[in-house]
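User: Please take a close look at one part of this model for me. I would like to start where the two chains meet, and then see how each chain is put together.

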Amino acid sequence: MSAASILSVRDLQVSFDLRPATLFGKRRRLVAVDGVGFDLAAGETLGIVGESGCGKSTLARAVLQLLPSSAGTVVWLGDDLGSLSPEEMRRRRRHMQLIFQDPLAALDPRMTVGEIIAEPLDAFEPDLGPAVRGARIAESMDLVGLNPLMINRYPHEFSGGQCQRIGIARAMILKPKLIVCDEPVSALDASIQAQIVNLLGRLQREFGLALIFISHNLSVVRHISQRILVLYLGRLVELAPAEDLFVAPRHPYTRALIAAVPVPDPLIERAKPRLVLGGDVPSPLDPPSGCAFRTRCPKAITLCAERRPETTEAGPGRLVACHRWRE
Amino acid sequence: MNAILEIEHLTTRFATPDGEVHAVSDVDLRLDAGETVGIVGESGSGKSQLFLTVMGLLAGNGRAEGSARYRGTELLGLSRGEMRRYRGRHMAMIFQDPMTSLNPHLTVGRQLTEVLNLHKGMDAAAARAAAIAMLEQVRIPDGARRMAAYPHEFSGGMRQRIMIAMALLGGPDLLIADEPTTALDVTVQAQILELLRELKASLNGAIVLITHDLGVIAGLCDRVAVMYAGRLVEEGPVEAIFAAPKHPYTQGLLAALPRVDAKQPGDLFAIPGQPPNLQRGIVGCAFAPRCHQVIDRCRAVRPLLADLGCGRRVACHRVGA
């Protein structure tokens, strides 16, 4: 773990035992996150990208100890979170918050905006007087661009973008060190998406927040992240500084993922070389032998089916898991 | 030019318990044979309702005024039976979620051949052969065997291909695709866009691509129509509009997008505020409350679509003034 890291994840594995499909069927094991590791520095944004089912949300929840992991360690400011008692873990939660994709679904419709935003405050600082509590709620609303006069309104009276601001105000009220953002702008229209991305960027600069930003939208991730982790079928395929990843992707999957994003410029979009992957992501219940990506990889060779590629260093601050990344 | 669809002064309203919602407001749009036209706008902009109106698929509380002519025949006011004759055979629509069009209880083969029995009166053997050929055309491998499979046995991308196959079986010359790739992962989206690109080359008609993704439009469309709050605010050739958008909303939308191919320094351009509530009648320009170029006239008088030449139209008081 480097000196500046606040979070250090090593060889994390999360698996689920599934009930058999038939009475006498076999109990099946789904490995959702398979040996993933990364560090996160204070004030840094780590983007996590990958397609549906790649394990990005599961990874984030396991890091926050909201899901049990079956192997590996998560070290937060020197403490191995997996070895803490529930009370010790609870005390650390105030520094780690989570915001979700569907802002309205994440908010209790029967609570006022003020009550929603104050929830973490009431849990961790229950002895605040009403005046101080009210001031802290108003401060948090103001911080995210919500009018504090709307404190007694209900979530349904707000638009999607405003609901996401409510979620961010709730996450920010304890001034955490880390916010995990799980697809925070995916449900929002482009004009509102830009507002929320800018807001998160501003909060990060002002408060030295670290962000784990999970998204399937590579354009947004490029804009907001300093480093990016690419997942495929629960495995780390590449980890690199954001600009290095986009300018010179090393893993064939990263390359295909970037090439697949349509660019809003007709001249560039029509001229760019097409790199269309065949097939679909395999089922995580029955992953391919060796490299998980080999069934769709244009560069796959026999070795890829025989041996799982190790995660290797591929330049300063870069990791890649591919037998052929040097070529 | 050979007009396939001519939409004039089309207005669609919905009666709701909270009052009337103006989903589409006085839209004019023409589609010619051989064109692929992108319709872009944010949720609630009316982009889907415009074409649901054209297809006679409005919800029960919806009411349409104006005109929509398919090859000269007025579609608004046709009976359900008459409309059904046009749908499938002349015009077909595909949706974001293929399961809205596919019946989960019937095999794919049964659903595909049914279209051919219904619209073309084919016998079972001919319909089966045509359906298998169509599965091949949409790049579903091993079509003959997969005819016996049910929709849930296919992946999301494959289901989307089946829906496209079903839409094409009747031989329509107007294909309306409503967010066909939005629910798909980006690598699967690339496959479906590739398929639509091939279709565009082979289909002897027009394609409408409704999407919120300007990147998809940039790659596939000849013209783009930008909608905001039920109104058409800008329309014209894709290259011209992406190179120099005239309407402040189009400008803002393009500037708000982070790019996968370049790093923007600093903040993204963010259009302030929210889209308007369509339950309240909008006076003046619908975009005025969020527009940085607004003048008094914008708040009082609705700007009409004005012809700028070179096939471009824009509805803004500040353009060409």
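Analyst: Start with the contact between the chains in this predicted model. Chain B brings 39 residues to the contact, and chain A brings 35 residues. Look at the side of chain B that touches chain A. Four helices of chain B each supply at least two residues there: α7 (186-202), α8 (214-220), α9 (238-243) and α10 (248-256). The top contributor to this side is α7(B), with 7 residues. What classes of residue make up the side of chain B that touches chain A? There are 18 nonpolar, 12 polar and 9 charged residues.

Keep your eye on α7(B) and turn to the inside of chain B. Chain B splits into domain 1 (3-90 + 172-314) and domain 2 (101-171). Domain 1 of chain B is written in two stretches, 3-90 and 172-314. The C-alpha centres of domain 1 and domain 2 of chain B are 29 Å apart. Where these domains touch, 11 residues of domain 1 of chain B meet 12 residues of domain 2 of chain B. Which element gives the most to the domain 1 side of that contact in chain B? It is α7(B), with 4 residues. So α7(B) gives the most to two sides: the one of chain B that touches chain A, and the one of domain 1 of chain B that touches domain 2 of chain B. By class, this domain 1 side holds 8 nonpolar, 2 polar and 1 charged residues.

Stay in chain B for a pair of strands. Strand β6(B) covers residues 91-94. B:M91 and B:M93 point one way from the strand, while B:A92 and B:I94 point the other way. Are these four residues buried or exposed? All are buried. The partner of β6(B) is strand β7(B), residues 174-178. The two run parallel and are paired over 4 bridges. Within this pair, B:M91 sits opposite B:L174 of β7(B).

Now go across to chain A. Its two domains are domain 1 (5-95 + 176-320) and domain 2 (107-175). Their C-alpha centres lie 30 Å apart. The contact between them takes 12 residues from domain 1 of chain A and 12 residues from domain 2 of chain A. On the domain 1 side, helix α6(A), residues 190-207, gives the most, with 6 residues. That side of domain 1 of chain A has 10 nonpolar, 1 polar and 1 charged residues.

Next, find strand β1(A), residues 5-18. How many bridges join β1(A) to β2(A), residues 28-41? There are 11 bridges, and the pairing is antiparallel. In this pair, A:V14 stands opposite A:V33 of β2(A). Strand β1(A) also pairs with β4(A), residues 71-76. Here the strands run antiparallel too, with 5 bridges. The bridge partner of A:V9 in β4(A) is A:V74.

Last, step back to the whole of chain A. It has 11 helices and 12 strands. Its C-alpha trace spans about 70 × 55 × 50 Å along the principal axes. A compact globule of 327 residues would have a radius of gyration near 20 Å, and chain A has 21 Å, so the two agree. Buried residues account for 45% of the 327 residues in chain A. Now take the contacts in chain A between residues at least 6 apart in sequence. Of these, 65% join residues at least 24 apart.

How values were computed. Residues are numbered from 1 along each chain as its sequence is written. Chains are lettered from A and ligands numbered from 1 in the order in which they are written. This is a predicted model: local features need pLDDT of at least 70, side-chain atom pairs count only at pLDDT 80 or more; totals for chains, interfaces and linings use all residues. Two residues are in contact if their C-beta atoms, placed from the backbone, lie within 7 Å. Ala, Val, Leu, Ile, Met, Phe, Trp, Tyr, Cys and Pro count as nonpolar, Asp, Glu, Lys and Arg as charged, and the others, Gly among them, as polar. Domain bounds come from an automatic or database domain assignment. A residue is buried if 20 or more other C-beta atoms lie within 10 Å of its own, exposed if 12 or fewer, and partly exposed in between; C-beta atoms are placed from the backbone. Two strands pair if DSSP finds at least two bridges between them. The radius of gyration is taken over C-alpha atoms; the globule rule is 2.2 Å times the number of residues to the power 0.38.
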